[in-house]
Amino acid sequence: MTRQAAIVGAGVVGLAIAAALARRGVEVIVLEKADRPGSETTARNSGVIHAGIYGAPDHLKTRLCVEGRRKLYAYCTERKVDHAKIGKLIVATSEDEVAALHALHTRALGNGVEGLQLIDTHQARQFEPELTAEAALFSPESGIVDAAGLVLALQGEIEDLGGVIAFRTEVDHAEATSQGFRVACGDDVLEVDLLVNSAGLSAQKLAHQVAAYPETRIPEQVLAKGNYFSWQGKSPFRHLIYPMPVRGGLGVHATLDLGGGLRFGPDVEWIDAPNYQVDPNRRDAFADAIRTWWPALDAERLSPDFAGVRPKLKPTDGSVADFLIDLPAHHGVAGLAMLFGIESPGLTSSLAIGDNVARGLLDT
Ligand SMILES: Cc1cc2nc3c(=O)[nH]c(=O)nc-3n(C[C@H](O)[C@H](O)[C@H](O)COP(=O)(O)OP(=O)(O)OC[C@H]3O[C@@H](n4cnc5c(N)ncnc54)[C@H](O)[C@@H]3O)c2cc1C
């Protein structure tokens, strides 16, 4: 008998899960409160395909990033989603940072990242003449993707496989039945066998409304806003340029978009509730951060752009929190998947997350 699944949230992760289930013969309906797909965090990020350099070796985040990156390049090629493997330089600007860069290189090799190259000041200038660096790590597998194009490709695939995306449909609550779940969206009620909470920033709020899910398993969320400034003019860089990572983020980096535009960010601003205004007064702090590796920056050419909000989990031991993908094998409720803390590299990892969740729901 064909199984039916409701996936809450039509961000890139919810859509990737829906596509993975639909490919395995499940009848899927994606429930999305907005009037279009991918309009929340999926529309507010750097659009970078991460190689898998930074993550802790034992983190699910790291494994899904490396696997997701490989799947994403193949999917983009097959489905004609705009992307480019432009490569990335991580830049060390002091002796202390050089030591940290070497440690990062070792970690990345352990994570299975291909093609990495440690380069010196001279070689870094050959890659990017405007750059100032003591040393750098070149990652040829890093790239950029049109996130909106990826969302459309996933939507198309889901619909081709007979799935449905219901927009302007907010899930209020859900309860377990003898067969699966009863899902309430306003006056409408849906009966399904499988239920996935992929509500991004609202995942915790929704989890409290899923009666079958133990409240004690809901992790605490913390929000880290990331602001961006755009650069007016032709980019002097051809690669993604990243400083050494900072607490809560990867440092204010230079991201190129597929149209050749240059943007800087995201920084880390801890907030209590999502908001997307960019304070123009942050420009000086941006300029200071960028000048450590690009001394010739003309700050007058920086303009406030957009912001995104990272749905982070509060780390329990002071370290970086992992993705939390809570599946039946962990929590014991058949047919239920709950996703929390799907921050960066969630875009890169999306297709691997999709397969991981589909396996976790169906192989039980
Ligand atoms: C500043 C920033 C930079 C980033 N840069 C990168 C990067 O370069 N590379 C990378 O790999 N990742 C990056 N990420 C991470 C990436 O953007 C996210 O991991 C990814 O977009 C998360 O997708 P999602 O589907 O989980 O969430 P979302 O896109 O937020 O989707 C969740 C959806 O659920 C819907 N929803 C919520 N509640 C309900 C409800 N009750 N009923 C119905 N619908 C509901 C929302 O409307 C929303 O559409 C970045 C993130 C940020 C914030």
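A charge sits over a ring, for today, if NZ of Lys or CZ of Arg is within 6 Å of the ring centre and within 35 degrees of the ring normal. By that rule K88 lies over the face of Y242, 3.6 Å from the ring centre. R44 has its charged end over the ring of Y276, 3.9 Å from the centre.

Quick housekeeping: this is a predicted model, where local features need pLDDT of at least 70 and side-chain atom pairs count only at pLDDT 80 or more, while totals for chains, interfaces and linings use all residues. Residues are numbered from 1 along each chain as its sequence is written, and side-chain values use heavy atoms, with hydrogens and water left out.

Okay, aromatics. Rings of Phe, Tyr and Trp (its six-membered ring) pair if their centres lie within 6.5 Å; planes under 30 degrees apart are stacked, over 60 edge-to-face, and the rest tilted. We get 10 aromatic pairs. Take F229 and F286: the ring centres are 4.6 Å apart and the planes at 45°, so that pair is tilted. Both residues are buried, meaning under 20% relative accessible area, against over 50% for exposed and in between for partly exposed (1.4 Å probe, protein chains only).

Then there's F264 with W293, centres 6.2 Å apart and planes at 45°, so this pair is tilted. What is the relative accessible area of F264? It's 0%, so F264 is buried. W293 counts as buried too, at 1%. And F264 and W293 belong to one aromatic cluster along with W231, F237 and W294.
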